Amino acid sequence: MTPDRIFVTLFGFATVAFIVWFFWMSKKEGTRAAVTSSGYQEAMVLVKGGYTPDVIVVEHGKPVRLNFLREESASCSEMVVFADFNKSAKLPEGQTVPIEFLPDKAGEYEFACQMGMFRGKLIVE
Ligand SMILES: [Cu+2]
C-alpha cells in the first residue's frame with residue numbers, strides 16, 4: 001500500500017465511525033425536558049408519523065409534564081400509553097394533551113401508541 005492509499009483507507013474508517021456515532025450515540029442523548037415556572041419538567045412532543053422527539057431525558061423525583069400535540073388523523077396514534085406509569089391518554093387531532101407523572105426511579109421507560117407501533121423512550125436520570 002502506498003501512503004495515499006493508507007490515508008484513504010483510514011479516512012474511510014473514520015467516516016464510517018463518525019456515521020455510526022452520529023446515528024446511534026448522539027441520538028441516544030435525546031431531548032432534555034426543561035423545568036418551567038410551573039415546577040414541572042416539561043417537553044413538547046409532536047405526534048406525526050412517530051414521536052418527535054422520541055427520546056426525552058428527565059430527572060427523577062421531579063414531576064414531569066409532557067405535552068403531546070398530534071398533527072395527523074391516522075388512528076394509529078390516537079392514544080399514547082406510558083405502561084410503566086399507568087398513564088394513557090387520547091390525543092385528539094390538533095390539541096395539546098398534557099401527561100403528568102412523577103418519575104421516582106431512574107431508568108429507561110418506553111411509551112408507545114396503543115398498538116405499540118410508534119415508540120418513544122423516557123430516560124429518567
Ligand atoms: Cu399505533
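Mentor: Contact here means heavy atoms within 4.5 Å. The model is predicted. Start with Ser77, in the loop between β6 and β7.

Trainee: Which residues is Ser77 in contact with, leaving aside its neighbours within four places in sequence?

Mentor: Val47, Arg70, Glu72, Leu91, Cys113, Gln114 and Phe118.

Trainee: Why is Ser77 called buried?

Mentor: Its relative accessible area is 0%. Buried means under 20%, so Ser77 qualifies.

Trainee: What makes the pairing of the Glu72 and Ser77 side chains a polar contact?

Mentor: The distance is 2.5 Å. The cut-off is 3.5 Å for a pair of N or O atoms, one able to donate a hydrogen and the other to accept it, so the pair counts.

Trainee: Where is Glu72 found, and what backbone atom does its side chain reach?

Mentor: Glu72 is in the loop between β6 (64-70) and β7 (79-82). Its side chain reaches the backbone nitrogen of Gly49 at 2.9 Å.

Trainee: Why does Glu72 have no salt bridge?

Mentor: The nearest side chain of opposite charge, Arg70, is 4.8 Å away. A salt bridge must fall within 4 Å, so Glu72 has none. Yet Glu72 is buried.

Trainee: Now the surface. Why does Met1 count as exposed?

Mentor: Its relative accessibility is 75%. Exposed means over 50%, so Met1 passes. Met1 lies in the segment before α1 (3-29).

Trainee: What patch does Met1 form with Ile6, Leu10 and Phe13?

Mentor: A nonpolar one on the surface. Together the four residues, Met1, Ile6, Leu10 and Phe13, have about 500 Å² of accessible area.

Key. Residues are numbered from 1 along each chain as its sequence is written. This is a predicted model: local features need pLDDT of at least 70, side-chain atom pairs count only at pLDDT 80 or more; totals for chains, interfaces and linings use all residues. Side-chain values use heavy atoms; hydrogens and water are left out. Helices (H or I, at least four residues) and strands (E, at least two) are DSSP runs, numbered from the N terminus. Buried means under 20% relative accessible area, exposed over 50%, partly exposed in between (1.4 Å probe, protein chains only). Lys and Arg count as positive and Asp and Glu as negative; His and the chain ends are not counted. Patches are made of residues with over 30% relative accessible area and no salt bridge: like charges are joined within 9 Å, nonpolar side chains (Val, Leu, Ile, Met, Phe, Trp, Tyr) within 5 Å. Accessible areas come from the Shrake-Rupley method with a 1.4 Å probe; for residues, only the protein chains shown count as cover.
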